[in-house]
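Hi everyone, thanks for coming. Let's walk through this structure together, beginning with a definition and then moving from the whole fold to one helix.

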Amino acid sequence: MDPTFQYHFPGGQMLTLHSGDLTRQSVDAIVNAANAYLQHGGGVAAAIVRAGGSEIQTESTAWVRSHGAITHDAPAVTGAGALPCKFVIHAVGPIWGEGDEDRKLSAAICSALRTADQLGLTSLAMPPISTGIFGFPRQRAARIFFDTILDYFRDHPTSALADVRITIIDPPTLNDFAAVYRLWVDQNPEEQS
């Protein structure tokens, strides 16, 4: 990706807006845009199971059976099957129109970052959660992503999570995130090293 879309935090962490296939990211973990019952039938979730294998769905079903439905604040973690990463962090974003969507999306993003930190990971790729079949407006979601990640690293300046990639395969979504990113960087120049 163009270095224009790399944002460096004072603690050494880097946020990248990345064009590409989430299932091909060589990172410690990827984030799945999941539903509360981890039924991976469509969108990003289905692509992850297709690429990683049915064991991801099997582990997800076992997780829900043991722990119950997942929430915006508490994602699930499974293995990654045949994917080029170690873990899949299953985060639930809001469905547009259900109420309190901004807070729920921020919680899903923050909880994925926190879970990656708890696992001792150094790299994480996440999709634009809720902007597909859940209908969250893309530019609004982009602003929440950037603000939430900034707030997380302000609160956790020594986080070992050095590489965070927002990974987007869909060109219109990538264009919307890039447009918001340019404005956001202009408003947060003091954070860059």
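When I say helix, I mean a DSSP run of H or I with at least four residues, and a strand is a run of E with at least two, numbered from the N terminus. Please keep in mind that this is a predicted model, where local features need pLDDT of at least 70, side-chain atom pairs count only at pLDDT 80 or more, and totals for chains, interfaces and linings use all residues. Residues are numbered from 1 along each chain as its sequence is written, and side-chain values use heavy atoms, leaving out hydrogens and water.

So what is in the fold? The protein has five helices and seven strands, and from the N terminus they run β-β-β-α-α-β-β-α-β-α-β-α. Its C-alpha atoms fill a box of roughly 45 × 35 × 30 Å along the principal axes. Of its 193 residues, 51% are buried, meaning under 20% relative accessible area with a 1.4 Å probe, protein chains only.

Now let's look at α3, residues 101–118. How does the span of this helix agree with expectation? At 1.5 Å a residue, times one less than the number of residues, its 18 residues should span 26 Å, and the end C-alpha atoms are 25 Å apart, which agrees.

Its buried residues include Leu105, Ile109 and Leu113. The buried residues of α3 pack against β3, β4, β5, β6, α4 and β7; contact here means heavy atoms within 4.5 Å. After α3 comes Gly120, with a positive phi near 75°.

Technical notes: Buried < 20%, exposed > 50% of the residue type's maximum accessible area, 1.4 Å probe, protein only.
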